[in-house]
Amino acid sequence: MSPTTAPFVMVPASILDAGLTPQAITLYLALRRHADNRSGETWLGRERLAGYLGLRKTASVDRYTRELADAGLIGVSDRWCSKVDRRD
C-alpha cells in the first residue's frame, strides 16, 4: 500500500502540546483509528489496546487512559456492569 492510499488518522495539533507521554499519544492514535466516524466513540477492550501498544498489562492501558481523560482529550464510560454492581 502506498503512503497516498494508506489509512490515516487526524488528530488535533494540541495533543502535542498537552505534555502527554508517548504511550498516551499512541493510545490516543489507536482510539482515533477505531472511532466511529459519526459519534467518535470507540469500544475497544483493554486487552486489544494493550496489544496495540505492545504492553503486557491492562493496568498500563488504564494509566494512559487516565492520562488522556485528565487532559480532557477523551471521555471514559464503562462497557458493562459487574455481577456485584448491576445497574440494569
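User: Which residues of helix 2 are buried?

Analyst: In this predicted model, the buried residues of helix 2 are Leu49, Ala50 and Leu53.

User: How do they sit around the helix, seen down the axis?

Analyst: Looking down the axis of helix 2, those buried residues fall within an arc of 105°, so they line one face of the helix. In general, an α-helix has 3.6 residues a turn, so residues three or four places apart point the same way.

User: And which residues are exposed on the other side of helix 2?

Analyst: Glu47 and Gly51 are the exposed ones there.

User: OK, what covers the buried residues of helix 2?

Analyst: The cover includes helix 1, residues 22-33, and helix 3.

User: Let's take helix 3 then. At roughly what angle do the axes of helix 2 and helix 3 cross?

Analyst: They cross at roughly 85°, and the axes come within 9 Å. That makes helix 2 roughly perpendicular to helix 3. For reference, helix 2 covers residues 46-53 and helix 3 covers residues 58-70.

User: Which residues make that contact?

Analyst: From helix 2 you have Arg46, Glu47, Leu49 and Ala50, and from helix 3 there are Thr58, Val61 and Asp62. Sorted by class, this contact has three nonpolar, one polar and three charged residues. Leu49 and Ala50 also belong to the buried residues of helix 2, while Glu47 is exposed.

User: What follows helix 2?

Analyst: Gly54 does, and its phi is positive, near 75°.

User: Zooming out, how many helices and strands does the protein have?

Analyst: Three helices and zero strands. From the N terminus on, the elements run α-α-α.

User: What share of the residues counts as buried?

Analyst: 22% of the protein's 88 residues. The accessible surface comes to about 7,000 Å², and 51% of that belongs to carbon and sulfur atoms.

User: And how much of the contacts is between residues 24 or more positions apart?

Analyst: Such residues account for 42% of the contacts with a separation of 6 or more.

Notes: Residues are numbered from 1 along each chain as its sequence is written. This is a predicted model: local features need pLDDT of at least 70, side-chain atom pairs count only at pLDDT 80 or more; totals for chains, interfaces and linings use all residues. Side-chain values use heavy atoms; hydrogens and water are left out. Axes are lines fitted to C-alpha atoms, for helices over the stretch in contact, and angles run from 0 to 180 degrees between N-to-C directions. Helices (H or I, at least four residues) and strands (E, at least two) are DSSP runs, numbered from the N terminus. Angles under 35 degrees count as roughly parallel, over 145 as roughly antiparallel, 65 to 115 as roughly perpendicular and the rest as oblique. Contact means heavy atoms within 4.5 Å. Ala, Val, Leu, Ile, Met, Phe, Trp, Tyr, Cys and Pro count as nonpolar, Asp, Glu, Lys and Arg as charged, and the others, Gly among them, as polar. Buried means under 20% relative accessible area, exposed over 50%, partly exposed in between (1.4 Å probe, protein chains only). Accessible areas come from the Shrake-Rupley method with a 1.4 Å probe; for residues, only the protein chains shown count as cover. The arc is that of the directions from the helix axis to the C-beta atoms.
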